[in-house]
Amino acid sequence: MEKRKATYAESVLALLFMVVFVFVGFIAFDLPIELMMILAAGCAGLLARRLGYSWAELEKAISSRITGATPAILIIWVIGIVISTFMFSGSIPMLIYYGIDIVTPQYLFVTSFLLCVVFSTITGTSWGSAGTAGLACMSIAAGFGLPLHITAAAVVCGSIFGDKMSPLSETTNLAAATSGVNLYDHIKSMLWTTGPAALITLVFFYIVGLKTDIGSQGTSDDALAMQAGLAEMFHWSPLLLLPFVIILTGAFMRKPPVPTMLV
């Protein structure tokens, strides 16, 4: 059978297979997500056969895609080591400790956003940033009587920024690998959309912070207790900033992310 390129309708149909099986099957009927993905892939394979591709060719394409995704898989493995090392050594706890001291109520939303931007960019994880720096920001907001839902929004927005723009992010690496482009070129191209969005978000939280009444002027008891607990567990030293310096230096010098994280 002579091979041909898929038409626009056939390309859309391949995507609809995933929508129907994964979303309808998994969400509507609570069927196993793994089974739904296999069925969607099977239908896409049948469509490829209709276009004239043999199983050997499909197998070769699948293998090449898996090979392209390997760097992202390695990052997923290594990022757990990096985050746990940052936490256990005291690098992240030290930033949280001093961050509580420098936060002012009027600019808490802006501070929460920027702090999570820095954390997520350095670590490459949105959930890890929200669960560390974001947790401290939420505690401080509760003590100041500030709206927790707005603080949570600032935390999430800041965390997602780094998850998109960090060279250590598994999703960023996966997107670059599967599309066959250089990782740092991919990040540079995203600046055209992510940069303006981040700037608009920053201005928004700045205006909201100025218009928000401050409920109290003291740091929350939870935040103070967190500081006391961290001070007992760790000995602060400028050396704890060294891991962040290594990560940032590797990113600016465009070094491979996995060796940089291992260092």
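The buried residues of α5 are Leu108, Phe109, Val110, Ser112, Phe113, Cys116, Val117, Phe119, Ser120, Ile122 and Thr123. The model discussed here is predicted.

Student: What distance separates the end C-alpha atoms of helix α5?

Tutor: Helix α5 covers residues 108-123, which is 16 residues.

Student: Which residue just after α5 takes a positive phi?

Tutor: The phi in question is about 80 degrees. The residue that takes this value just after α5 is Gly124.

Student: Which helix supplies the largest share of the lining of the largest pocket?

Tutor: The largest pocket holds about 750 Å³ of space, and 19 residues line it. At least two lining residues come from each of α1 (8-28), α2 (33-50) and α3 (55-89). The largest share amounts to 9 residues and comes from α2.

Student: How many residues of the lining of the largest pocket are nonpolar?

Tutor: Among the residues nearest the centre of this pocket are Ala40, Ala41 and Ile62. The lining includes 1 polar and 2 charged residues. The nonpolar residues number 16.

Student: Which residues lie nearest the centre of the second largest pocket?

Tutor: This pocket contains about 350 Å³ of space. Helices α7 (148-165), α9 (183-210) and α11 (242-252) each give at least two residues to its lining, which divides into 10 nonpolar, 1 polar and 2 charged residues. Of the 13 lining residues, those nearest the centre are Met165, Pro167, Ile187, Ala251 and Phe252.

Terms used:
Residues numbered from 1 in each chain as written. Predicted model: local features only at pLDDT ≥ 70, side-chain atom pairs only at ≥ 80, totals over all residues. Heavy atoms only, no water. 1 Å grid on protein atoms, 1.4 Å probe; cavity = no way out; pocket = protein on both sides within 12 Å on 5 of 7 lines; lining within 4 Å. Points joined across faces, edges and corners; volume = space filled by probe spheres on them. Helix = DSSP H or I, 4+ residues; strand = E, 2+ residues; numbered from the N terminus. Nonpolar A, V, L, I, M, F, W, Y, C, P; charged D, E, K, R; others polar. Expected span 1.5 Å × (residues − 1). Buried < 20%, exposed > 50% of the residue type's maximum accessible area, 1.4 Å probe, protein only.
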